[in-house]
Amino acid sequence: MGLLSSCFGIIGFTLGIPIGFLVGFFLFVYSETKHVKDPVVRPISELGPHALEELLPEIPLWVKTPEFERIDWLNKFLSDMWPYLDTAICKIIRSTAQPIFAEYIGKYQIKAIEFDKLSLGTLPPTICGMKVVETNEKELVMEQVIKWAGNPNIVLSLYVSSLKITVQLVDVQIFAAPRITLRPLVPTFPCFANIVVSLLEKPHVDFGMRVSGGDIMSIPGIYRFVQDTIKKQVANLYLWPRTLEIPILDESMVVMKKPVGILHVNVVRAQKLLKMDLLGTSDPYVKLSLTGDKLPAKKTTVKRKNLNPVWNEKFKIVVKDPQSQVLQLQVYDWDKVGAHDKLGMQLVPLKVLKPYENKEFTLDLLKDTNLNETPNKKPRGKIVVDLTFVPFKEDSSKFGGPSEGYSRKESGIDVVSDDEVQEGAGLLSVVIIEAEEVEGEHHNNPFAVLTFRGEKKRTKMMKKTRHPLWNEEFQFMLEEPPQHEKIHIEVLSRRKNLSFLSKQERLGHVEINLRDVVHNGRINDKYNLINSRNGVMHVEIRWKVV
């Protein structure tokens, strides 16, 4: 039977091949050709959702979400620059990884770790869309969606004992939605001090890994474990509200210092001052100011005809940088006519003060601060002052001081309940930033007038504009939190020339309740102006407790 079946098989194979060729030839020659139908062209709006999903499996983000902008120009830029970016990024990776590898050499019998090959490939990442988020802060916020299906060539060699283990990374695919924030914006090139990066959602990372030629990602369970581990680790580091902050400018170059405390100054007395008047006396007073502060200097009262005046007058001065600022004490002789004569001066660096510690200084008055000149032998007298530097509560930890109470942080914002509001003195800072769409009937020269507790302060006048940008700060030293008080800000306009012939025009006003400022420590918002058609006022208010 076996021999018979083999014979039949040979005969069937021998006859089947020519018969198959013959049948195929006749079908090809004598079959009628069918006419190809023209494709049906229909608008996308007539297609159903299922047909649209099959036609466009991945709709671009700038189509689905109108807030995201199409940025082909940036992708073209990345494509042209990618060979150079590849080289630069790989150099950074090598320099960054080298000290990390050095930590493991000598452990677990590891002799060396090095990159045999390191290249990100020829395919650059693609930015599918970008959205710019507007905020009231001095920052620029950009949200992108980035996809990268790359062909990198990354080979890492691990020398363990007498073995060489190679690890190769291939077929990398990354999908991420980062948020990049440039803040704060400053008037120093490149106009921002830090780059802050965070992820809006967990990234998708897919890749192949070969160890000594074998693909370990094909082992059951390894692929899912690696995916979950990468997502978890990246999320713990950079998923919002966690961020990666990259400094660009040195803090000393950024001219945006904020108040950190209060300097309490008690001008006690002066002794043996110079005689400047014709009758052999002087009318002394003292001016106090801090270097680097644009606020007007504070003054004591004038003591008439007194060479040994006693003031005992107390002042509070806002401190922004106790390590570099200096207290300037200048004693003048008041004159009814003409300029006031200078009796002497002295400087006290704030870095010699310890927080919360009261210190008395008895200082010899000098003619000026030029140390190269021969000192004048004629004594100019002495001045006695008491100084105490008290940091704000939130900044007390920087100076090693006590910090009473507590607060909890959520997403970088201090949350304070009603029972946690700290009583006591503090600094209320009001920054009038700008106004929008303010328009007068006869002229547009807007300026703002701030009224608080009967005290009025005004900004500079901006000429011929409906969008004035002031960015001016006003400070109020208070003995208690202003929980139940309001500030009144009014925008006015006045003719620049011949102002006495024209009346001021009221362009709108706003009243801001300070309760939220006291509880939150800070507000930064835009307010619609009352009695204005479309006017908006942008104000930032801070409250810091001593």
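Which side chains meet Arg542 in a salt bridge? The side chain of Glu540 does, with N and O 3.1 Å apart. A salt bridge here is a side-chain nitrogen of Lys or Arg within 4 Å of a carboxyl oxygen of Asp or Glu.

This is a predicted model, in which local features need pLDDT of at least 70, side-chain atom pairs count only at pLDDT 80 or more, and totals for chains, interfaces and linings use all residues. Residues are numbered from 1 along each chain as its sequence is written, and side-chain values use heavy atoms, with hydrogens and water left out.

**Salt bridges**

By the rule above, the count comes to 19 salt bridges. Arg542 is buried at a relative accessible area of 9%, and Glu540 is buried at 8%. Buried means under 20% relative accessible area, exposed over 50%, and partly exposed in between (1.4 Å probe, protein chains only). Both residues belong to a network of salt bridges that also links Glu137, Glu473 and Arg522.

Three of the pairs are listed here.

| Pair | N to O distance |
|---|---|
| Arg542 and Glu540 | 3.1 Å |
| Glu439 and Arg466 | 3.6 Å |
| Glu485 and Arg453 | 2.5 Å |

Helices (H or I, at least four residues) and strands (E, at least two) are DSSP runs, numbered from the N terminus. Glu439 is exposed at 51% relative accessible area, while Arg466 is partly exposed at 38%.

The salt bridge of Glu485 with Arg453 also links distant parts of the chain, 32 residues apart: Glu485 is in the loop between β24 and β25 (486–493), and Arg453 is in the loop between β22 and β23. Glu485 is partly exposed, with 23% relative accessibility.

**Backbone features**

Most residues other than glycine have a negative phi, and most peptide bonds are trans. Arg453 has a positive phi near 55°, and this residue is partly exposed at 46%. Glu437 likewise has a positive phi, of about 55°. Glu437 lies in the loop between β21 (426–436) and β22 (446–452) and is partly exposed at 40%.

Cis peptide bonds run from Arg183 to Pro184, with omega near -15°, and from Phe189 to Pro190, with omega near 10°. Pro184 is in strand β6 (residues 178–185), whereas Pro190 is in the loop between β6 and β7 (192–199).

Asp86 is in helix α4 (residues 72–104). Asp86 is buried but has no salt bridge, and the nearest side chain of opposite charge, Arg94, is 9.3 Å away. A polar atom of the Asp86 side chain lies 3.0 Å from the backbone nitrogen of Leu120. Not counting residues up to four places away in sequence, Asp86 touches Ser119, Leu120 and Gly121; contact means heavy atoms within 4.5 Å.

Trp82 is also found in helix α4 and is buried at 7% relative accessibility.

Notes: Lys, Arg positive; Asp, Glu negative; His and termini not counted. Polar contact = N/O pair within 3.5 Å; in protein donor to acceptor, adjacent residues only side chain to side chain.
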